[in-house]
Amino acid sequence: MITSLRGQSLLSLNEVSRDAILEVLNTAESFVEVNRRTIKKVPALKGRVVASLFFEESTRTRLSFETAAKRLSADVLSLAVASSSVKKGESLRDTIATIDALGIDAVVLRHRSSGAALQVSRYVPHVRVINAGDGQHQHPTQGLLDAFTIRQVLSQRRGTTGLESGGELFEGLRILIVGDIRHSRVARSDIAAYSTLGAEVRVCAPGTLLPDDVEQWPVTVATDFDESLEWADVVGLLRLQAERGSGAFVPSLDEFTFTHGLTVERFARMRPETLIMHPGPMNRGVEVDSRVVDAAAAIVEQQVANGVPIRMAVLYLSVAGSGESS
Amino acid sequence: MSIVLRQGLIIGPTSSVIGDVLVVDGTIADVGPAIDAPSDAYEVDARDCWVGPGFVDLHTHLREPGREAAETIESGARAGALGGYCALVAMPNTEPCLDNVATVSYVLARGATTPLDICVAGAITQGRRGEALAPMAEMAALGVRLFSDDGIGVRDPSVMRRALLYANPLGVRLAQHCEDEQLAGGGTMNEGALSSRLGLTGRPALAEELMVMRDLELVRATGAAMHFLHLSTARSVALVVAARAQGLRVTFEIAPHHFTLDEQCCEGYDPAFKVHPPLRTRDDVAALVAALRRGDVDAVATDHAPHAPELKDLPFDEAPAGMLGLEHAASLTYEALGAPQCDPAVFFQVMSRGPAAIAQLRREDAPPRHSAHGGSVAPGEDANLTVFSPSTHWTVSRSALASRSMNTPYDGRELSGRVRATIAKGRLVVDQEVLT
């Protein structure tokens with residue numbers, strides 16, 4: 001169990017304690033302020049080198065991590081390879097060894113293979129590894145920024161700040177996660193974060209998109225989507241990968257929309273204060289209707305914006321937090 | 001050339017005695033309490049060791065032709081000899097595959113240059129594509145007695161039924177890799193809570209068990225003989241054991257990794273633990289060990305599957321499946337049989353007599369091109385003998401293996417029992433635990 005991210009790699013949220021999560025959220029609060037300044041830069045990681053290795057397509061996560069590193073004054077080595085390491089002809093180990101030889105303090109890794117971040121942390125044990133999404137396994141900074149966004153929005157509504165709210169706001173909070181739970185690293189990280197913070201989590205999905213072991217997850221499975229929408233304080237939508245809808249896991253995207261899409265009709269029946277979240281990129285018209293997206297846009301944009309302070313917090317704690325460096 | 005094994009415990013099918021074994025010109029010349037050996041006979045001290053029929057592996061991937069960087073017939077034979085094996089059945093999933101007289105002849109010819117008997121399992125279907133039958137009669141004429149599309153199962157039930165009907169009068173046996181690829185496809189480890197947590201696509205036990213059930217019914221319907229490769233679940237083993245008790249002509253093997261390692265090994269995403277069928281649950285491991293100890297298992301087979309280091313040094317889902325087996329199978333089997341209480345008769349049954357019978361390498365089957373295996377340690381028998389030291393402890397080191405590859409899941413593991421000497425086709429191939 002990781003009780004503080006200081007000096008640690010971040011591979012998964014499964015073994016991260018409530019205190020460690022709150023430490024990241026609280027640290028991120030101070031970086032929100034930095035991002036509002038005219039000069040959006042602090043010298044916290046000056047002279048440090050962060051390698052950003054994206055072996056899978058990504059826009060927002062990559063931009064967000066690199067922006068975060070730069071705002072902390074770190075030097076960023078950026079490598080984007082939108083194909084498997086094998087196709088490129090160089091193995092993951094060799095690529096990491098090459099980057100490591102240049103002298104780095106941290107690696108931010110996105111890879112389509114589950115476990116890639118853990119493997120890299122074994123290749124370069126002296127380097128902090130931040131998992132930016134590995135296969136269907138984990139996307140820990142997404143889980144952190146989603147928790148951060150929920151806390152931020154609900155605190156503002158209560159006329160207080162996230163810092164003052166601490167973690168109590170999550171106690172008993174009703175969070176519904178909808179869609180392709182089975183294949184989603186975001187769902188795994190979100191559920192780990194929410195349940196560790198004390199929220200009550202429900203999942204709702206077609207039978208084929210629930211994980212085999214869902215009864216062992218810290219969630220309840222809801223079969224009535226419409227009832228669950230009324231129940232929820234927060235609704236987390238997930239991206240339905242097109243290939244899941246082409247006859248493999250659900251009969252069609254239309255049918256998915258019929259059973260689990262957040263349509264205008266469903267949206268109209270929800271409580272007005274319910275938060276709608278989506279990690280992006282969205283399939284308008286599939287998991288969520290375009291008109292609902294526009295109505296919920298504020299929160300989804302806030303999620304994107306919060307990506308930067310959360311990743312600043314993670315990089316700061318992980319890299320500057322190690323004893324040797326401070 | 002003569003060799004005399006001094007004062008080993010000679011393991012018969014039912015009883016064991018301490019004594020000497022004299023080998024002259026490839027044949028066991030004499031067995032007795034104290035043999036007066038020729039003066040030039042090479043002496044092997046077999047005190048505190050078991051002497052029994054040489055091991056036979058029904059399931060070896062020798063990788064030649066096609067992937068010689070991982071293994072060659074020669075390096076595989078050396079690894080086999082160190083593991084106590086006198087005969088290896090080479091699996092047909094080479095490149096090109098062993099589905100015709102030309103490639104089978106090549107492997108048999110290369111095998112004949114090694115000290116071991118290298119037998120071949122021919123492909124059931126052309127190109128192992130599961131469609132048209134391979135020329136089994138032509139390959140059988142070369143001495144091929146087992147046929148398999150191993151690596152994958154024959155998916156189409158009509159093809160499998162035809163293959164069984166065709167093989168039956170030829171007196172050969174089909175060996176199936178039971179995993180329905182449509183259910184297991186894309187999977188990289190056992191399906192369950194752990195695979196879900198790790199975000200790895202699972203290969204369900206069901207994919208194996210459904211094909212076992214289907215094939216048992218095909219065997220029942222055709223009356224043919226069939227061998228089940230590397231069964232990995234409690235249910236699969238129970239199904240085949242029950243069918244065998246009903247009189248179906250079915251046999252099965254289990255692999256050491258399936259009765260010594262469970263799915264938890266995949267937790268660190270180390271591709272050394274990736275194998276098909278996958279490492280299963282703790283309960284499955286316990287059931288396999290129990291079956292082994294009850295004497296229900298026909299054969300232990302290695303599924304020795306070498307892969308070049310760069311291929312196993314990839315993300316888990318990209319790495320090929322398979323692990324080394326030849327050099328530590330005997331120790332792992334000895335341990336699973338309850339070392340030091342291991343019953344040596346059961347040990348030699350699963351390592352030698354059982355697999356030799358399945359591969360039709362027993363004396364009564366008069367195999368062409370190969371010497372006889374799995375018999376008794378008695379005068380007149382072909383000299384294929386393994387000397388196993390139960391009291392030796394050793395530590396596996398992946399860089400110290402004879403195989404060209406290093407993908408053992410047991411690196412650094414201390415094991416009990418080790419092959420002291422191997423006499424294959426009358427030649428002392430391994431002495432004092434090293435190749436001669």
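A: The interface of chain A and chain B

D313(B) and R93(A) form a salt bridge, in which the closest N and O atoms are 2.3 Å apart. This comes from a predicted model. Across the interface of chain A and chain B, the rule finds 2 salt bridges, and D313(B) with R93(A) is one such pair. Polar contacts can be counted as well: there are 11 residue pairs in polar contact between chain A and chain B, with both residues at pLDDT 80 or more.

On the side of chain A that touches chain B, three helices each supply at least two residues: α3 (85-88), α4 (92-101) and α5 (116-123). The largest share comes from α5(A), with 4 residues. Sorted by class, this side of chain A has 12 polar, 8 charged and 6 nonpolar residues.

Next comes the extent of the contact. Chain A contributes 26 residues to the contact and chain B contributes 19 residues. Between them, the two chains bury about 1,600 Å², and 43% of that area lies on carbon and sulfur atoms. For chain A, 24% of the area that it buries against chain B is supplied by S114(A), Q119(A) and D213(A), which is more than any other three residues supply.

To sum up, the contact takes 26 residues from chain A and 19 residues from chain B, with 2 salt bridges and 11 residue pairs in polar contact between the chains.

Key:
Residues numbered from 1 in each chain as written. Chains lettered and ligands numbered in written order. Predicted model: local features only at pLDDT ≥ 70, side-chain atom pairs only at ≥ 80, totals over all residues. Heavy atoms only, no water. Contact = heavy atoms within 4.5 Å. Buried area = accessible area lost by both parts, 1.4 Å probe. Salt bridge = Lys/Arg side-chain N within 4 Å of Asp/Glu carboxyl O. Polar contact = N/O pair within 3.5 Å; in protein donor to acceptor, adjacent residues only side chain to side chain. Nonpolar A, V, L, I, M, F, W, Y, C, P; charged D, E, K, R; others polar.
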